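Thanks for coming. Today I will go through one structure, starting with its aromatic rings and then moving to a sheet. Please have a look at it first.

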Amino acid sequence: MIKPVVIKVQNLSKVYKPRGSTIETIALENINLDIEEGDFVALAGPSGSGKTTLLNMMGTLDKPTSGDVLIENIPLSTLGPSGSADLRLRKIGFVFQAYNLISTLSALENAEYVALLQGVPAKRRRHEAFHILKDLGLEQHVDKRPSQLSAGQQQRVAVARAILAQPKIILADEPTANLDSKTGAELIDLMRAMGQNLNVTFVCATHDKMVMDKSRSIVTIHDGKIVSQTRIS
């Protein structure tokens with residue numbers, strides 16, 4: 001069955017040129033990529049290859065020098081600041097390497113935070129947040145603040161926050177970077193399972209071979225260019 005393309009990257013380039021400098025750094029060069037609905041994609045490559053820059057372009061966190069990204073056929077170049085913010089709120093979830101949890105909130109409050117911004121009623125979002133945290137093995141930790149949680153537990157809260165918002169896409173930047181191998185593998189398995197159950201598209205920037213092995217597609221980036229695309233399953 002052919003699935004719809006949820007992310008289309010067209011002739012995307014990003015060049016950084018510091019103000020007052022004549023030196024240009026090419027972060028991305030003529031990237032073309034289609035990502036299907038429900039896929040689990042690894043953007044692989046060494047540090048500095050451009051994978052995080054590409055992830056940021058998909059999430060409207062940065063703007064290209066040329067080319068465009070389409071999310072569900074919507075060109076991001078046509079969106080202003082408010083349109084980009086609304087797209088992120090309604091359609092895109094983020095799992096950052098640094099977790100980006102709010103230190104004064106509990107795990108449960110952090111998990112329901114984006115749903116709060118979306119206007120989901122309190123009773124519903126709290127109920128759903130609790131059950132997602134329970135599915136992620138955090139039932140006994142819902143009242144703890146981030147400083148009371150391990151790195152793996154904090155990352156699971158970040159995943160719960162992203163999933164609870166019911167996005168079409170979740171973008172994860174080095175999701176296993178601060179985790180031991182066992183916790184990292186468990187997290188990726190949970191992300192894949194939830195992606196399948198909810199038909200969410202995951203795109204992970206990573207240089208972790210385990211994440212690549214568990215992905216359905218691997219897009220390898222080197223020096224700002226796609227050098228290979230592999231379909232695993």
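This is a predicted model. Searching the whole structure for aromatic pairs turns up two.

A pair of aromatic rings is described by the distance of the centres and the angle of the planes. Where do Phe40 and Phe202 sit in the chain? Phe40 is in strand 3, residues 40-44, and Phe202 is in strand 8, residues 201-206. They are 162 residues apart, so this pair links distant parts of the chain. Both Phe40 and Phe202 are buried.

The other pair is Phe94 and Phe96, also stacked, with 5.5 Å centre to centre and 10° between the planes. Is Phe94 buried or exposed? Its relative accessibility is 15%, and buried means under 20%, so Phe94 counts as buried. Phe96 has a relative accessible area of 28%, which makes Phe96 partly exposed.

Six strands form an open sheet, in the order 6-7-8-3-9-10, with mixed pairing. Which strands stand at the edges? Strand 6 (92-95) and strand 10 (225-231) do; each has a single partner strand, so one side of each has no neighbour in the sheet. On average, neighbouring strands are turned by 15° against each other, direction ignored.

Helix 2, residues 81-91, packs on this sheet and touches strand 6 and strand 7. The direction of helix 2 makes about 80° with that of strand 6. Helix 6, residues 151-164, lies across strand 6 and strand 7, and runs at about 175° to strand 6.

Conventions: Residues are numbered from 1 along each chain as its sequence is written. This is a predicted model: local features need pLDDT of at least 70, side-chain atom pairs count only at pLDDT 80 or more; totals for chains, interfaces and linings use all residues. Side-chain values use heavy atoms; hydrogens and water are left out. Rings of Phe, Tyr and Trp (its six-membered ring) pair if their centres lie within 6.5 Å; planes under 30 degrees apart count as stacked, over 60 as edge-to-face and the rest as tilted. Helices (H or I, at least four residues) and strands (E, at least two) are DSSP runs, numbered from the N terminus. Buried means under 20% relative accessible area, exposed over 50%, partly exposed in between (1.4 Å probe, protein chains only). Two strands pair if DSSP finds at least two bridges between them. Axes are lines fitted to C-alpha atoms, for helices over the stretch in contact, and angles run from 0 to 180 degrees between N-to-C directions. Contact means heavy atoms within 4.5 Å.
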